[in-house]
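Here is a friendly briefing on a protein model, to be read with the structure open beside it. Take it one topic at a time, and look up each residue as you go.

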Amino acid sequence: MRLFGRERELATMLGFLDDVRTGRGGVLALCGQAGVGKSRLLQEITDRYGAGLRLVTVTGVEFEAALPYSGLQRLCEPLFGEIDGLSAAHAQALRRAFGQADANPAEADDSGLLLAVSVLALLSQAAAKAPVMWVVDDVAWIDEASRAVLTFLSRRIAAVPAGLVVIARDDEVLSPFGGVLLTVDGLPDAPARDLLMAAVARPLDPQVRDRIVAEARGNPLALLELPHSIAVTELAGGYSCPAEQSLPETVEAEFRRRLDELPVASSQLVMLSAADPTGDPALLWQAAVRLGIPAVAGTAAEATGLITFGTRVLFRHPLARSAAYHRDTAETRRAAHRALAAVTDPVRDPDRRAWHLALAATGPDELVAAELSRGASRARARGGAGAGAAFLEQAAYLTPDPRRRTSRLLEAAAAKRAAGAPTDAAALLAEAALGPRESRQVALTQALHARLAFDLRRDPDAMMMLLTAAEQAAPVDPVLARELLREAYAAAVFVGRYGTPDAISRIAAATVGLPPLVDSTPRELLFEGLLMEKLDGPAAATSLLRRGIHGYTDEPASQYTLGDLWLACGAALDCWDETAFLDIAQSQVRAIRDSGAIVSLPVALSYRSLIAVHEGKLDDAQQLVDEAARISDELGLPPMAYVDITIAAWRGDEARVERIAAAAEPDARSRKEGRLLTAIEYARALLLNGLGRHADAMTASAPAAMLDEMGFRPTVPPEFIEAAARSGRTDLAVPALRRLSRAVEGAPDRNWAMGMLTRCEALVTDDPDLADRRFRESVERFTATTLATEEARSRLLYGEWLQRAGRDEPARNMLRAAAERFTEIGAGAFANRAQRALAASGERPRHRNTRTGAPLTAQEQQVARVVAGGATTKEAANQLFLSPRTVDAHLRSIFAKLGVTSRRQLAERLAQAPSAD
């Protein structure tokens with residue numbers, strides 16, 4: 001996760017690093033409390049700007065603190081290869097101190113001066129070859145003898161191209177080292193909120209969000225740990241009791257000891273504070289008056305150090321809140337909630353009042369249950385799906401009528417699923433199954449079981465569960481049956497090659513058997529078009545598919561299910577409609593973020609990142625993919641490797657492609673997620689074509705090219721055709737071209753479709769005039785789109801063809817344009833392929849680097865710093881008051897001047913870039 005609110009610290013550290021690189025050694029002392037991000041800051045700097053440094057990091061550990069020179073030995077060990085270049089006395093002193101030579105009492109150096117000088121000599125010798133950075137974390141636990149040598153070095157390191165970074169929680173520990181003291185404080189409120197929202201990735205009630213930020217006191221570790229220690233419903237809107245935590249024994253004992261020593265009134269006040277999720281002091285003191293708690297009770301409570309009463313009521317830590325709440329009896333907690341309900345305004349905050357009434361109830365109460373049920377939609381709007389789920393769950397438990405209770409349990413289960421709490425959803429379904437159920441409720445139960453199964457597994461069994469649930473729901477709930485049939489179709493898309501042969505025909509038959517619709521919604525038009533496409537081919541279904549796709553962009557995104565999202569995005573790709581695809585993906589991401597239906601977010605983010613890949617914005621795509629992976633991991637969903645491996649392939653990172661494939665492929669085969677195998681095969685072929693290994697690319701893409709999978713038509717067949725044609729296997733390329741031709745029959749007006757088709761026709765034809773016309777048309781078509789990667793591919797292939805035809809000058813022009821475009825994009829393998837072709841045509845490759853390239857202008861330096869700090873193009877534009885187009889233009893110039901091909905490389909090279917005069 002990128003850093004928030006650390007511009008000052010990063011600037012100081014970067015200045016220190018620049019000094020080390022230019023031969024001015026020094027000391028940087030990082031001070032700050034545990035979890036404030038000292039080590040993370042150092043990691044950020046060294047990861048981004050540490051290229052060329054010899055970095056040695058050690059961490060002080062308590063059990064070694066008594067061993068003389070143990071810390072120093074760990075620092076010096078990576079430099080031992082330089083010992084032979086030292087004087088005999090210095091080398092012997094080092095070997096003796098580190099146990100590599102027998103000690104000679106006659107040569108003993110009681111003062112330690114000889115060893116200190118020897119370490120300085122070793123450091124100087126190593127730094128003469130490459131700057132050295134020694135990092136000592138938790139320096140307080142480094143043994144005293146090593147610290148003495150390090151303080152000696154700290155006063156003599158200025159003349160050596162080396163840096164010493166010492167990290168501790170207490171500035172007194174750091175004071176002997178001198179140098180630059182950088183105190184890392186907690187984050188200010190604004191970046192702390194940004195960090196929390198990035199970590200949680202779901203809506204938060206503003207009052208609850210602000211309370212969490214205040215209690216974390218700007219500590220990044222506390223903010224990042226919250227999603228793992230607080231229930232979904234509490235995060236969403238504060239609509240749950242503080243979860244009973246499993247505290248470390250010593251922490252729990254300390255919290256309880258302090259609370260047990262409180263007077264009764266003070267103890268009641270602390271419990272009352274824990275029961276209120278808002279931290280509103282006015283509300284708290286009104287409730288305290290109702291319970292007869294005097295204001296003076298706050299003095300003793302604050303003396304515990306666990307709570308403070310000011311403009312907000314804040315606990316020292318969420319675990320302290322949990323301990324205070326669960327320490328008291330159930331009746332005491334109910335009394336607290338009754339008092340809070342009584343003082344909560346029923347007009348301004350009816351939902352929180354209903355919530356407190358629910359927690360104060362001693363048994364079933366339909367009046368309270370009904371109020372909770374009515375308030376669920378308002379709570380959802382305020383705190384997302386998790387808040388609505390909490391209301392519905394509590395309403396179900398308070399419902400006296402068994403049948404109504406079952407209905408509310410099913411509603412709550414559906415909301416829990418949407419909120420990303422599948423275990424809670426399954427538990428609610430199990431409870432619903434124990435009560436009386438009507439036929440429709442039985443169908444709903446089966447539907448939710450199937451949906452949960454597919455969320456967690458995405459396998460053929462879950463797909464068949466959806467289809468079976470749809471068939472069983474048809475007689476009692478045709479609307480639900482249609483939803484499930486669409487989801488079953490979407491599931492069949494994910495299962496791909498592992499799908500049951502008759503699954504689509506069963507889906508079609510079940511759909512035909514449903515009562516006809518009076519009005520067809522966009523999703524129904526799309527679904528009908530997809531079924532028609534399977535039966536009659538793409539051309540016959542084009543009109544329906546387009547009407548459905550464009551209808552999606554006109555309707556509120558919040559009403560669509562995850563299955564609808566898959567189908568709409570996949571259909572937009574197969575219709576070669578990049579504009580509709582972008583609109584649908586963007587609107588879905590916004591709607592899901594707003595609603596808190598986080599279980600759908602990884603898929604939505606992946607689709608949104610895919611269009612960024614096509615646009616050549618690989619860094620933006622990677623940020624979206626990383627967020628999707630983090631959420632999938634948090635929720636226990638299957639990993640979303642689809643676009644991640646594609647980005648690595650475009651970058652030409654063969655090692656990363658194989659790492660992702662090695663992790664994802666066995667999982668995909670075991671779960672039978674055929675679509676993921678297709679994505680892996682496509683990515684490998686893309687990488688291999690970029691590397692110029694066309695025969696291998698043909699082999700890699702052959703299995704996927706034989707399939708006709710939704711969403712892959714614009715990518716897999718062209719990749720196979722290029723590989724086969726460039727391998728001399730036109731006998732294999734021609735049938736694939738015929739299949740591609742059929743796939744674009746319904747999209748003759750689409751630049752994407754015709755750009756791809758004409759490029760592939762040019763690759764296969766033996767007629768040079770036709771090939772030339774087709775290549776030129778392909779370049780023109782793609783130039784009229786936002787698909788930067790495909791435009792560059794067409795220029796590269798055309799340039800290579802012109803070169804083979806002996807037309808060197810136009811070939812050089814086309815290859816040069818392709819090389820520059822690929823460099824801007826960060827497509828390393830394709831950029832190198834274009835440069836190789838340029839060299840073969842007689843043009844010397846342009847080697848740009850920070851020493852020979854033109855200096856960055858002042859504006860370019862600003863853009864480079866902001867983008868290297870992790871900002872997207874849009875974020876950089878907002879920060880610098882520029883348009884995104886202007887930022888992109890500056891980046892193209894920066895990449896060319898620095899000789900880099902990606903934002904990641906830019907970050908690594910930025911410290912060496914020359915500045916403007």
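R378 sits in helix α19, which covers residues 366-383; helices (H or I, at least four residues) and strands (E, at least two) are DSSP runs, numbered from the N terminus. This is a predicted model, in which local features need pLDDT of at least 70 and side-chain atom pairs count only at pLDDT 80 or more, while totals for chains, interfaces and linings use all residues. Residues are numbered from 1 along each chain as its sequence is written, and side-chain values use heavy atoms, with hydrogens and water left out.

**R378 and its surroundings**

- R378 is partly exposed, with a relative accessible area of 40%; buried means under 20% relative accessible area, exposed over 50%, and partly exposed in between (1.4 Å probe, protein chains only).
- Not counting residues up to four places away in sequence, R378 touches P350 and D351, where contact means heavy atoms within 4.5 Å.
- From C-alpha to C-alpha, R378 and F391 are 10.0 Å apart in space, and they are 13 residues apart in sequence.

**The whole protein**

- The protein holds 47 helices and 7 strands.
- It has 917 residues, and 55% of them count as buried.
- Take the contacts between residues at least 6 apart in sequence: 70% of these join residues at least 24 apart.

- Helix α41 (residues 788-804) has 17 residues and reaches 25 Å from its first C-alpha to its last, close to the 24 Å expected at 1.5 Å a residue; the expected span of a helix is 1.5 Å times one less than its number of residues.
- Because 15 of its 17 residues are buried, α41 is largely enclosed by the rest of the structure.
- G806 follows α41 and has a positive phi, near 80 degrees.
- Helix α39 (residues 751-764) has 14 residues that should span 20 Å at 1.5 Å a residue, and its end C-alpha atoms are 20 Å apart, which agrees.
- α39 is mostly covered, with 12 of its 14 residues buried; among them are W752, M754, R759 and V764.

**The largest cavity**

- A search of the whole structure finds 11 cavities of 30 Å³ or more; on a 1 Å grid over the protein atoms alone, a cavity is a set of points where a 1.4 Å probe fits but cannot get out, and lining residues have an atom within 4 Å of a point.
- The largest cavity contains about 330 Å³ of space, a volume being the space filled by probe spheres set on the points.
- Of the 23 residues that line the largest cavity, L610, Y642, V643, R675 and F712 are the closest to its centre.
- Two or more lining residues come from each of α29 (562-574), α31 (601-614), α33 and α35, and α31 gives the largest share, 6 residues.
- The lining divides into 16 nonpolar, 5 polar and 2 charged residues; Ala, Val, Leu, Ile, Met, Phe, Trp, Tyr, Cys and Pro count as nonpolar, Asp, Glu, Lys and Arg as charged, and the others, Gly among them, as polar.

- R651 belongs to helix α33 (residues 642-651), and it is buried, with a relative accessible area of 15%.
- The side chains of R651 and D619 are joined by a polar contact of 2.7 Å; a polar contact is a pair of N or O atoms within 3.5 Å, and within protein one must be able to donate a hydrogen and the other to accept it, while residues adjacent in sequence count only if both atoms are side-chain atoms.
- T715 lies in the loop between α36 (694-705) and α37 (716-726), and at 11% relative accessibility it counts as buried.
- Leaving aside neighbours within four places in sequence, T715 is in contact with H614 and Y682.

**Loop residues to look up**

- Y69 is in the loop between β2 (54-59) and α3 (70-76), and has a positive phi of about 65 degrees although it is not a glycine.
- K672 is in the loop between α34 (654-671) and α35 (674-691); its phi is positive, near 65 degrees, in a residue other than glycine.
- At 38% relative accessibility, K672 counts as partly exposed.
- D749 is found in the loop between α38 (730-743) and α39, and at 47% relative accessibility it counts as partly exposed.
- D749 and W576 are 173 residues apart along the chain, and their C-alpha atoms are separated by 9.7 Å.

Technical notes. On a 1 Å grid over the protein atoms alone, a cavity is a set of points where a 1.4 Å probe fits but cannot get out, and a pocket is an open set with protein on both sides within 12 Å along at least five of seven lines; lining residues have an atom within 4 Å of a point.
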